[in-house]
Amino acid sequence: MWASRWYHRLIMGENKFVIVGGNPLRGEVRVGGAKNSVLKLMAASLLTPEECLIHNVPRITDVKIMVEVLRRLGAGVTWEGSSLRVCAGEFTSREAPYQLVRRMRASIIVLGPLVARWGEASVAIPGGCNIGSRKIDMHLKGLAELGAEISTEHGYVHARAARLKGTHIVLDFPSVGATENLIMAAVGAEGRTVIENAAREPEIQDLAAFLASMGAEVEGAGTPVITVTGPCDLKGTEHTAIGDRIEAGTLAVAAAVAGGEVALAGVDPRHLGLPLEKLREVGVEVEEAEGRLLVRGGGEYRSVDLATLPFPGFPTDLQPQIMVLLSLAGGTSVITENVFESRFMFVDELNRMGCDISIEGHHAIVRGVGALSGAEVCAPDLRAGAALVLAGLAAEGETHLLDVYHVDRGYENLEAKLSSLGADITRVGVEEEPIL
Ligand code: EPZ
């Protein structure tokens, strides 16, 4: 953690957000393309030597790292506005190196397509992160069941397969990444592959649509049973990524905690079913009109209990954000985190802003408080960083959020979007205090 912070402050010219709370939000914002779909569409582009054009790509750090991963493999990748043109005709390498994987663990998602296309791949084993150990055992077990030989040494996983053979896979848990890696590997396998207990997230459906447009046969995406028939010679394609439901959910909670009225465009409301229901239960007015979400905040809020679960359950990626809202509600709420083992690390930072949250195992007991107070806080990870921004919008006084490079991983110009709605938030370079 310290080394990463040093790296960012020295190399990346660390920034912080300075937020002055109290402004209500008003206006309309278009959310960007879904980070957790675009990264997989980019990986899927490795399955064909032909050109793939992906639209609605957010310019966020995770995408920039994935661009570096694809280029390291030998693919041509060029930006065209908010579109990416990927051409994986020639490969100069079949290895995703540690110095890239350590910065973006989702790089593991190139494993499946590389094995399907070339029969071999070496990917650095992603470390854990602030929200959990982030294991990949289900990815590897499924690839082995498809006929790949898996070995791990010197911090890398090596997968080799003269030929992949369709099979019946049952996942222990509906893992998003494992489902995606195995779908892409199965595209290169001979025969039918059935993946049971598959993840059902909208991003999986977007990947399946992308693969189908390349000529793959993928059925059942969005249900717990996905069937892939291979092998397929895939063609290039052009595809527009779905809107980012987590960015939309984050901005909806921003409108709730800051008060005001915000319209969110560019997201499919069906991808936010339960989160919108929970916001209504709390007392936030949420309407859907002409494909946009209208969120009206500022009233009295009620405590509610919620548990994070795989889609269509409440998304773990909105857990930190709704915790801020529940801190402003009357009464006590219980949030249960079922997806990651340590996704409450940021609670201490929230409590420094006046929240009253205690942790009991995988439950967070959130006692409503009258108001929050601005403070100097650090973002420990992407979604917790976003939650601390929301807390700053609601807090009395000034909040300085350090280590915003975490937030930049998944939100494009978050401060610009919030400022356009009336928030008082600015990005400031951090002058290193001399250590005397
Ligand atoms: C994806 O991560 C998302 N990331 C995460 O979003 C999201 O929180 C998560 O899905 C759950 O929805 C991307 O899509 C890039 P999982 P992923 O495999 O695929 C355990 C964000 O903020 N597990 O569904 O890594 C794992 O440790 C990020 O945008 C195994 O034990 O999630 C975790 O506890 C954060 N073995 C749980 O399953 C495995 O082989 C869910 O992981 C795989 C996973």
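1. A polar side-chain atom of Asp317 lies 2.6 Å from an oxygen atom of the ligand, a polar contact being a pair of N or O atoms within 3.5 Å. The protein covers 88% of the 820 Å² of accessible area that the ligand has on its own (Shrake-Rupley method, 1.4 Å probe).

2. This is a predicted model, in which local features need pLDDT of at least 70 and side-chain atom pairs count only at pLDDT 80 or more, while totals for chains, interfaces and linings use all residues. Residues are numbered from 1 along each chain as its sequence is written, and side-chain values use heavy atoms, with hydrogens and water left out.

3. Around the ligand there are 24 residues (each with a heavy atom within 4 Å of it), and those that come nearest are Asp137, Met138, Ser175, Asp317 and Val339. By class, this shell holds ten charged, nine nonpolar and five polar residues, where Asp, Glu, Lys and Arg count as charged, Ala, Val, Leu, Ile, Met, Phe, Trp, Tyr, Cys and Pro as nonpolar, and the others, Gly among them, as polar.

4. Because domain 1 (2-32 + 244-429) and domain 2 (35-240) both give residues to the shell, the ligand lies between them; the domain bounds come from an automatic or database domain assignment.

How values were computed. Polar contact = N/O pair within 3.5 Å; in protein donor to acceptor, adjacent residues only side chain to side chain.
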